[in-house]
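Subject: Structure for you to look through

Hello,

Here is the structure that I promised to pass on to you. Please open it beside this message and follow the residue names as you read.

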Amino acid sequence: MKSQVTLRRTAVLGLAIAAALPLTACAGSHGSANGGSQSDTITMSMPSAPISLNPSTSATGLYINYITPAYASLLDEGQNGQIIAGLADKWGYVGSDNEAFQLTLRTGLKWADGAPITATDVVASLEYFAKGSGPSSPYLHGMTFTAQGAGTVVIKSPSPDPMIPDLLTPYYLAGAIISPAGLKNPASLANSTDGAGPYVYDAAQSVPNDQYVYTPDKYYYDQAAIHFKSITVKVIPDYDSALEALKSGQIDFMPGNLDVASAVQGSSSVTVLSAPTLWAGLYLLDRDGTVVPALKDPRVRQALNFAINRQAITSAVYGKYGTPLSQPAVPGTDGYSSGAENVYTYDPAKARQLLAQAGYGKGLTIPVNYGSFDPDNTKLVQAVQAELAQVGVTLQLKADSNFGAWVSDYVSKKFAATILSPGAGGSEFFIADSTFMPGGIMNVFGATDSQLTAAFNALSAASQAQQATAAQQVNDVAVQDALALPVSASSTIVMYSPSLHGEQFLPGGNLTPVTAWTSA
Amino acid sequence: MLRIITRRLLLSVPLVLVVSGITFVLESLVPGDPARSLLGVNATPQQYTALRDALHLNEPVIQQYWLYLENVFRGNLGTSIFTDQPVSQVVTSRLPVTLSLVIGATVVAAVVGTLLGVYSATRGRLSRRVVDVLSLVGNALPGFWVALALSAIFAVNLGWFPATGYTSFTQSPQAWLSSLVLPVVALAIGGVALIAKVTRDAMLATLQLDYIRTLRASGVSPRSVIWRHALRNSSLALVTTIGLTMISFLAGAVIIENVFDLPGLGNIVVTATNEHDIPVVQGIALTFAVIVIVVNLLVDIAYGLLNPKVRSS
């Protein structure tokens with residue numbers, strides 16, 4: 001009996017010691033790991049690290065939050081989608097053909113190292129972007145950049161381009177100018193910054209692939225616009241983990257998805273903001289019939305559009321964060337038209353009829369690659385595969401487990417269609433230029449459509465007042481000729497602490513960057 | 001003993017080479033292309049070819065591996081393809097995090113598991129059944145789920161610990177400890193179950209031996225019989241299990257570091273593998289191989305300390 005009592009005491013003591021040690025860490029530990037969230041700092045999470053801190057190769061969308069703290073842009077976008085001043089406070093097209101654009105820098109601007117910013121510096125940066133392979137580079141190809149005097153830059157496009165000012169905003173990054181010191185050693189831009197933004201990258205406090213810390217730049221021209229003592233962007237790949245961190249106050253902002261947004265429905269401690277920003281669906285790449293001759297026939301492409309139940313797929317994949325979409329333009333953008341939504345109603349019988357008329361009544365097979373690293377697109381493509389199978393069209397799916405594999409398969413020209421993760425949005429000019437025009441980055445086969453080319457040329461040369469009409473005409477051609485297979489307008493979802501302000505989806509679908517937010 | 005250690009160290013060289021070679025080949029088979037990831041869809045064929053040449057990706061795998069080995073023997077583990085950070089820096093900055101997690105989990109699992117095992121071996125059948133059930137549950141629970149559950153309860157609801165993140169010991173010992181509690185517990189749970197069961201089984205076998213009966217008959221205290229004699233003689237199996245558990249925790253650390261966003265080697269190896277950041281993957285594989293060698297060496301030394309026959313052989 002005595003031995004049992006002694007043994008029990010020993011065991012309990014041992015367990016108590018093992019358990020007691022962590023309890024000493026409890027007091028005052030909440031939110032202390034990595035600084036937590038204070039009113040004069042902001043911590044946000046992103047699901048993956050940037051490929052590079054170099055703005056010329058950085059991804060856009062929410063990933064600009066790795067760039068915009070350290071790199072201010074030449075121009076910016078206002079609340080109503082209008083172009084507003086950035087580092088340049090005067091800008092405009094010269095002449096009426098949308099080929100020459102001029103901007104003038106504010107006076108007294110300085111780089112983060114204190115050196116003055118000149119027009120020559122801006123030209124060098126734009127030329128560097130134009131030679132690169134980043135998202136904005138294709139739009140700058142062929143352009144020439146000239147410095148006139150100390151503060152004026154003239155940009156000349158080889159063909160009419162009404163979107164030059166948009167390229168120079170934070171959302172396309174071409175205007176996120178890089179200093180001469182950075183351009184002297186471009187390799188260093190992968191993990192350091194050389195810009196003129198309100199903050200500078202603090203390598204001492206940062207850990208690549210884990211957290212990126214930015215502290216105020218004393219040379220920034222508008223010190224009142226610096227709202228935080230530091231900005232920290234943490235890489236938290238798992239959305240559930242990020243949500244736990246948001247709910248416990250460790251972070252202030254996170255991108256969301258359907259699952260985590262649904263989990264906090266009705267919560268007063270987390271604000272959920274969403275807007276339709278991207279069209280999701282299949283890019284019908286092989287419109288000239290190289291791999292799948294059937295896709296050259298518009299009737300086949302139209303049949304695909306009639307064959308899918310967009311309402312059902314959208315509801316299953318995106319829930320309340322998606323809208324059925326029959327056109328490659330998102331509601332709220334200049335190309336979108338409500339009339340285009342009535343062109344392709346769900347009609348499998350009509351789809352079969354069109355396929356039979358085109359000579360494919362017995363069906364056809366279309367090889368498609370997609371990124372399985374994107375769970376929404378994985379569900380989407382599988383749903384579309386099931387629906388098309390009902391009309392005799394077989395999608396032969398190839399899952400790419402990472403972005404590099406997806407790019408390799410995309411450029412191989414072995415796949416007649418693909419899904420871009422997470423989707424595409426923005427103005428009709430950019431959509432058409434990148435997706436349907438020969439040379440577009442999402443037109444790997446270089447397919448052509450004479451009607452679309454004519455409409456695009458008209459859009460390129462249109463005046464500001466005619467832009468909206470011209471944009472809708474481009475979209476109408478894309479819909480009538482079934483140049484793509486849109487399924488849904490998916491929403492970008494963000495979640496943040498109610499004490500944070502300034503987050504807003506602009507008319508083009510871009511979310512204001514972290515540098516524009518404030519904390520109560 | 002010295003002979004054992006020397007033999008182990010000599011055998012570790014071909015072992016590290018084998019691990020390194022297998023990792024290199026497997027990584028080369030993973031779909032994807034780091035040049036494509038870096039350049040995106042906009043790259044011209046010339047840009048793509050130039051980058052692949054610069055990264056030696058156009059050379060045969062054997063040649064790439066030989067080049068890698070040449071650099072390693074010169075003390076150069078290479079640089080990350082994506083961040084340009086020296087791999088040695090990636091490893092040294094993240095190793096303390098992973099070691100804190102793995103060693104912490106091993107200590108917790110060893111202490112708690114041993115106590116539970118001894119307790120159930122010296123109690124009745126009911127306690128043994130309880131330990132069996134706990135072992136089953138501990139092994140069956142997915143580490144990912146356990147981690148999220150702990151985070152939801154103790155970090156979000158109770159606010160006792162941070163949900164994510166890591167503070168280094170030099171920054172704040174208290175915050176360091178706090179940031180490790182939940183990850184260590186999540187990682188240790190499966191190990192506790194296994195160690196408890198092994199301890200229990202070894203103790204039961206030892207307690208049946210004649211010399212234990214003799215000790216009891218000689219008037220040796222029960223506490224001394226259990227802790228000084230029986231446990232010591234059961235410890236060979238226990239030491240082996242603890243060593244294997246610690247090695248398995250290296251794999252578990254990959255999941256736990258991702259859930260709790262700890263900036264350790266497990267966290268970066270997932271990203272590096274998906275991105276084809278071959279130098280980083282190789283550096284981490286080598287580091288893990290060295291850790292496994294060290295753990296096995298420590299187990300052998302412990303054997304020698306616990307068993308005089310091993311020392312004198």
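Residues are numbered from 1 along each chain as its sequence is written, and chains are lettered from A and ligands numbered from 1 in the order in which they are written.

Confidence in chain A

The mean pLDDT (the predictor's confidence in each residue, from 0 to 100) of chain A is 90, and 92% of its residues reach 70 or more. Over residues 1-39 of chain A, however, the pLDDT is below 50, although this stretch has 62 contacts in the model beyond near neighbours in sequence; two residues are in contact if their C-beta atoms, placed from the backbone, lie within 7 Å. Where pLDDT is low, the predicted coordinates should not be read in detail.

Domains

The bounds given here come from an automatic or database domain assignment. In chain A, domain 1 covers 4-270 + 497-519 and domain 2 covers 276-492, and their centres, taken over C-alpha atoms, are separated by 31 Å. Their contact takes 18 residues from domain 1 of chain A and 19 residues from domain 2 of chain A. In chain B, domain 1 is 2-73 and domain 2 is 88-312, with C-alpha centres that lie 32 Å apart. Here the contact takes 17 residues from domain 1 of chain B and 16 residues from domain 2 of chain B, and α1(B) gives the largest share of the domain 1 side, eleven residues. Helices (H or I, at least four residues) are DSSP runs, numbered from the N terminus.

Where the chains meet

Between the chains, 52 residues of chain A are in contact with 57 residues of chain B. On the side of chain A that touches chain B, the largest share, eight residues, comes from α1(A). By class, this side of chain A has 24 nonpolar, 21 polar and seven charged residues, where Ala, Val, Leu, Ile, Met, Phe, Trp, Tyr, Cys and Pro count as nonpolar, Asp, Glu, Lys and Arg as charged, and the others, Gly among them, as polar.

Cores

A nonpolar core is a set of buried Ala, Val, Leu, Ile, Met, Phe, Trp, Tyr and Cys residues joined through C-beta atoms within 7 Å, and a residue is buried if 20 or more other C-beta atoms lie within 10 Å of its own. The largest nonpolar core has 205 residues, and those with the most contacts inside it are A:Val474 and B:Leu101. Helix α8 (residues 173-207) of chain B gives the most to this core, with 20 residues. Apart from this core lies another, of 13 residues, including B:Leu77 and B:Val87.

One helix

In helix α10 (residues 348-357) of chain A, the residues A:Ala351, A:Arg352, A:Leu354 and A:Leu355 are buried. Seen down the axis of α10(A), the buried residues fall within an arc of 165° (the arc of the directions from the helix axis to the C-beta atoms), so they line one face of the helix. These buried residues of α10(A) pack against α8 (298-307) of chain A, and just after α10(A), A:Gly359 takes a positive phi of about 95°.

Best wishes

Terms used. Predicted model: local features only at pLDDT ≥ 70, side-chain atom pairs only at ≥ 80, totals over all residues. Buried ≥ 20, exposed ≤ 12 C-beta atoms within 10 Å, placed from the backbone. Helix = DSSP H or I, 4+ residues; strand = E, 2+ residues; numbered from the N terminus.
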